Amino acid sequence: MFSLATVATISACVFLFGLFYSVVLNFSNIVRQAQSGVAVTVFFDEGISDEEIQRIGEEIGKRAEVSKLVFVSAEEAWESFKRENLGDYVDSFGDDNPLAEDSNYEIYMNDISMQENLVEYLESLEGVRQVHKSAMVATMLTSVNMLIGYVSMGIILILLAVSIFLISNTVAIGITVRREEIGIMKLIGATDFVVRAPFVFEGIILGLIGASLPLIAIYFIYLRVIEYLSERFAILNSLLQFLSIQEIFSTLVPVALILGVGIGFLGSFTTARKHLRV
Amino acid sequence: MIILEDVKKTYSTGAPALNNISLHIEKGEFVFIVGDSGSGKSTLIKLLLRELTPTSGRIIVNHTDVVKLRHRKIPRYRRGLGVVFQDFRLLKDRNVYENVAFAQRVIAVPPRLIRKNVPSVLSLVGLAEKYKSKPRELSGGEQQRVALARAIINDPPILLADEPTGNLDPKNSWEIMKLLDQINHGGTTVLVVTHNREIVNAMRKRVITMKKGVIVSDQKKGGYIDED
Ligand SMILES: Nc1ncnc2c1ncn2[C@@H]1O[C@H](COP(=O)(O)OP(=O)(O)OP(=O)(O)O)[C@@H](O)[C@H]1O
Ligand SMILES: [Mg+2]
């Protein structure tokens with residue numbers, strides 16, 4: 001009866017752990033993809049000289065959070081705009097460059113959460129006309145991801161405590177039921193280790209079962225959810241690359257099993273130790 | 001072999017169960033301990049088994065200072081003592097063979113030897129055929145013989161028995177006592193707590209009589225001393 005409650009709690013613990021782990025891992029993956037894109041674009045005041053652009057570039061390059069800086073000349077900006085947006089209508093513009101004043105720096109960042117800071121700094125620079133934040137989603141995702149991380153940590157810690165408490169109760173009841181047998185064994189000269197071993201073994205088995213069940217559940221749920229999301233939001237497929245179940249499980253399985261065995265061992269060992277003195 | 005010096009045991013409640021007892025038992029002796037209910041006989045056995053520690057005094061068993069014994073040394077110490085109780089204390093969910101074999105497993109006897117030793121000791125106590133039975137399928141006398149087999153299979157130098165015939169009829173009581181005597185002839189020191197007047201009087205062994213926590217008489221080849 002108690003074993004059932006114990007397995008259920010450990011399962012819940014590992015299940016939530018697996019769930020949050022999958023979500024967090026996918027989130028950070030998406031964030032990383034977003035991060036690898038252009039974070040900030042800097043446009044210059046009209047009629048700025050090449051030397052000044054050069055100087056601004058050197059200033060920006062000194063910032064720690066900047067991983068890469070690319071200068072895009074007005075001609076290049078126009079070319080890429082034409083390529084991406086105009087297609088066959090290109091010719092109607094002739095040789096005019098409507099983006100004559102739109103030469104810019106594309107800035108790549110190694111830590112997207114520093115974006116706000118960087119933008120503030122860039123706007124304060126002499127000769128900068130406009131700063132364009134291109135990847136707001138990424139910063140938002142990062143904070144959401146961190147929130148999920150903290151909340152899940154909290155819940156998991158509580159469940160962890162409950163699991164250990166329940167294991168410890170299960171073992172304590174087992175010991176009470178078999179108190180007489182234990183007494184007999186001890187009178188014959190059985191060591192604490194021999195008497196304790198079955199209880200610790202029971203705890204570890206409960207922990208293992210408790211960890212395995214949710215892993216199986218997560219395996220199927222994850223596949224279904226990924227399939228559903230990919231179908232439902234097919235447009236976003238290029239943007240949202242989900243991690244494969246293998247990528248998730250390569251870390252999750254060992255961690256979850258160690259967690260289960262750890263809970264089982266800790267709960268049962270400490271209890272057996274406490275209740276089996278003499 | 002067994003030495004008690006000024007041993008006192010006071011439980012948290014009431015008067016001392018043992019009051020400054022001194023006692024020497026030599027190797028190879030057979031000793032009866034008799035006395036009224038509550039005179040402290042079981043307390044004495046528990047002290048020897050290190051189930052309890054004395055309030056004061058010294059206990060030396062087999063050259064071991066039992067009082068100073070460290071917790072993790074207790075199992076090894078107990079392996080030198082065979083024990084038998086009134087209520088048999090067999091492992092209920094294991095059969096006769098397993099109960100006896102357990103004592104050998106505790107001292108890590110190789111399985112090959114266990115398979116040889118258990119049947120031989122079971123036939124010594126006359127239970128060779130019942131090795132597969134569970135304790136509840138056995139009579140009291142049979143259960144006590146299983147307990148005895150378990151107590152002697154490791155050849156302990158000392159055998160302690162607390163009212164081993166307390167739950168048995170006269171015929172079974174005699175059989176157990178004869179087995180104890182036989183074991184004693186093999187060189188084991190045997191200490192038997194009993195209320196069985198007839199057997200004590202017939203066997204002419206050393207008899208220690210206790211009353212209210214003290215030894216009131218200690219006779220060689222003695223008899224059961226009447227209360228009134
Ligand atoms: N665990 C205990 N806590 C408190 N008092 C106890 C405890 N065990 C025994 N006593 C008391 O110690 C005294 C001696 O008890 P003990 O069991 O040694 O007697 P005994 O000689 O074995 O009696 P019996 O012949 O009935 O078995 C008794 O007065 C008993 O009430
Ligand atoms: Mg008694």
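Helices (H or I, at least four residues) and strands (E, at least two) are DSSP runs, numbered from the N terminus. The model on display is predicted: local features need pLDDT of at least 70 and side-chain atom pairs count only at pLDDT 80 or more, while totals for chains, interfaces and linings use all residues. Residues are numbered from 1 along each chain as its sequence is written, chains are lettered from A and ligands numbered from 1 in the order in which they are written, and side-chain values use heavy atoms, with hydrogens and water left out.

**Stop 1: the end of helix α1 in chain B**

Select Arg50(B), which follows just after α1(B) and takes a positive phi of about 60 degrees. Then extend the selection back to α1(B), residues 41-48. Six of the eight residues of this helix are buried (under 20% relative accessible area, with exposed over 50% and partly exposed in between; 1.4 Å probe, protein chains only). The helix is therefore largely enclosed by the rest of the structure. Colour the buried positions Lys41(B), Thr43(B), Leu44(B), Ile45(B), Leu47(B) and Leu48(B).

**Stop 2: the sheet beside the helix**

An open sheet of four strands has the order β2-β1-β4-β5 in chain B, with antiparallel pairing; two strands pair if DSSP finds at least two bridges between them. At the edges stand β2 (18-25) and β5 (64-65) of chain B; each has a single partner strand, so one side of each lacks a neighbour in the sheet. Zoom in on β4(B), residues 56-61, which pairs with β5(B) in the antiparallel sense over two bridges. Thr64(B) in β5(B) is the bridge partner of Val61(B).

**Stop 3: a buried threonine**

Move to strand β9 of chain B, residues 206-211, and select Thr209(B) within it. Thr209(B) is buried, with a relative accessible area of 7%. Leaving aside residues up to four places away in sequence, Thr209(B) touches Val34(B), Val214(B), Ile215(B), Val216(B), Ser217(B) and Ile225(B), where contact means heavy atoms within 4.5 Å.

**Stop 4: a helix pair in chain B**

Two packed helices are described by the angle between their axes and the distance between the axes. Select α5(B), residues 140-152, and α6(B), residues 170-185, which pack at an angle of about 10 degrees with their axes 10 Å apart. That makes α5(B) roughly parallel to α6(B) (angles under 35 degrees count as roughly parallel, over 145 as roughly antiparallel, 65 to 115 as roughly perpendicular and the rest as oblique). Residues of the contact include Leu148(B) and Ile152(B) of α5(B), and Ile176(B) and Leu179(B) of α6(B). The contact divides into six nonpolar, three polar and two charged residues; Ala, Val, Leu, Ile, Met, Phe, Trp, Tyr, Cys and Pro count as nonpolar, Asp, Glu, Lys and Arg as charged, and the others, Gly among them, as polar.

**Stop 5: chain A**

Finally, display chain A, which has eight helices and four strands in the pattern α-β-α-β-α-β-α-β-α-α-α-α along the sequence. Of its 278 residues, 39% count as buried. Select α7(A), residues 192-232, and α8(A), residues 245-275: their axes come within 7 Å and cross at roughly 155 degrees. The two helices are therefore roughly antiparallel to each other. Their contact has 21 nonpolar, six polar and two charged residues.

Conventions
Axes are lines fitted to C-alpha atoms, for helices over the stretch in contact, and angles run from 0 to 180 degrees between N-to-C directions.
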